[in-house]
Amino acid sequence: MMTNIASLMMALAPQEGFNDTAIAGIKVFRSSAYGSRGPMCYSQGILIVGQGKKRVYLDNQVFDYDPHNSLVMTVPMPLECETFASVAEPVLVLIVDIDLPQLTQLVRLMDEYHQVPGDLNETRQPGYFVAANSDDMTCCIERLLQAMQSPLEAQVLGRPIVQELLYRLLALDNAAPLYALALSHTRLSRIDKALSFLHRHYSDSVEVEQLASLVNMSPSAFHRCFKEVTASSPIQYLKKIRLNKARELLQLQQLKVKEVAQAVGYESPAQFSREFKRYFNQSPGASGKAVL
């Protein structure tokens, strides 16, 4: 079945990099080259591999996602990634954005059937988990890919199949972070609110006290929960977001290093260049094309 899934993904990804599909919020990523370990920022979403393998490095942890294991990012997170791919066997990844209203509606329904974990605020909830692909989930993925081969079927069947995919994920034993994202009173959902603010205002001067106040937490509790979810302190996270945004600007626009530094919130171009080189192991001027 996984061979068929890889073929269906290949048909949806004729180009290297990100390929849009007939369903908004769903893309297929393709890369035909090995990508060495390097920093990048993952968005909130479900990442399903049809072929090849990705290895993630996060806070002294190393884990893979591959055709047997999907990666669920409940919050956007800077991390390091290595890609295992070749021309003969390109890596293929289906990326499904998490529709929060759809997820919230589903969790409310599951709560009516007493399926929501009861200790969501008493245990550590990281901003990701690796989901072992069950047979039901694999069948769901294949049907979603088949539907996307036709624009009409994608519009008619896409959203219900995505809802089923979320349901299959919620049925897993380690899906607590996904429940926590949908429930407004959990620590993870409050950190997600702070992260949304940071991603909108990354170029501004942002204080930890300001973020803590935004989500009604004390600065010390906020700092602790923030690191539990993202594996970074708020200041480290903001710096990584700024540097990743800077690399995007350098790749997409013909801007001077000084202009990019100012655009992402750095007052000193020299400091920006030092931190960029330390983070990406290359100067801003030599920044190459990024991968997923």
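Student: In S2, which residue is the bridge partner of Asn19?

Tutor: Happy to! The bridge partner of Asn19 in S2 is Val28. Before we build on that, please keep in mind that this is a predicted model, in which local features need pLDDT of at least 70, side-chain atom pairs count only at pLDDT 80 or more, and totals for chains, interfaces and linings use all residues. Residues are numbered from 1 along each chain as its sequence is written, and side-chain values use heavy atoms, leaving out hydrogens and water.

Let's begin with the hairpin. S1 and S2 pair in the antiparallel sense over 4 bridges (two strands pair if DSSP finds at least two bridges between them; strands are DSSP runs of E with at least two residues, and helices are runs of H or I with at least four, numbered from the N terminus). Between the two strands of this hairpin lie 5 residues, and Gly25 takes a positive phi near 90° there.

Now turn to the other partner of S2. Strand S2, residues 26–31, is joined to strand S9, residues 91–96, by 6 bridges, and the two run antiparallel. Here Val28 turns up again, with Leu94 as its bridge partner in S9.

Stepping back, S2 belongs to an open sheet of 6 strands with antiparallel pairing, in the order S1-S2-S9-S4-S7-S10. S1 (17–20) and S10 (128–132) stand at the edges with a single partner strand each, so one side of each is left without a neighbour in the sheet. On average, neighbouring strands of this sheet are turned by 25° against each other, direction ignored (axes are lines fitted to C-alpha atoms, for helices over the stretch in contact, and angles run from 0 to 180 degrees between N-to-C directions).

Two helices also lie across S2. Helix H3, residues 135–147, lies across S2, S4 (45–51), S7 (69–73) and S9, and runs at about 90° to S9 (contact means heavy atoms within 4.5 Å). Helix H4, residues 151–170, lies across S2, S4, S7, S9 and S10, running at about 95° to S4.

Finally, is S2 enclosed or open? Of its 6 residues, 5 are buried, so S2 is largely enclosed by the rest of the structure (buried means under 20% relative accessible area, exposed over 50%, partly exposed in between, with a 1.4 Å probe and protein chains only).
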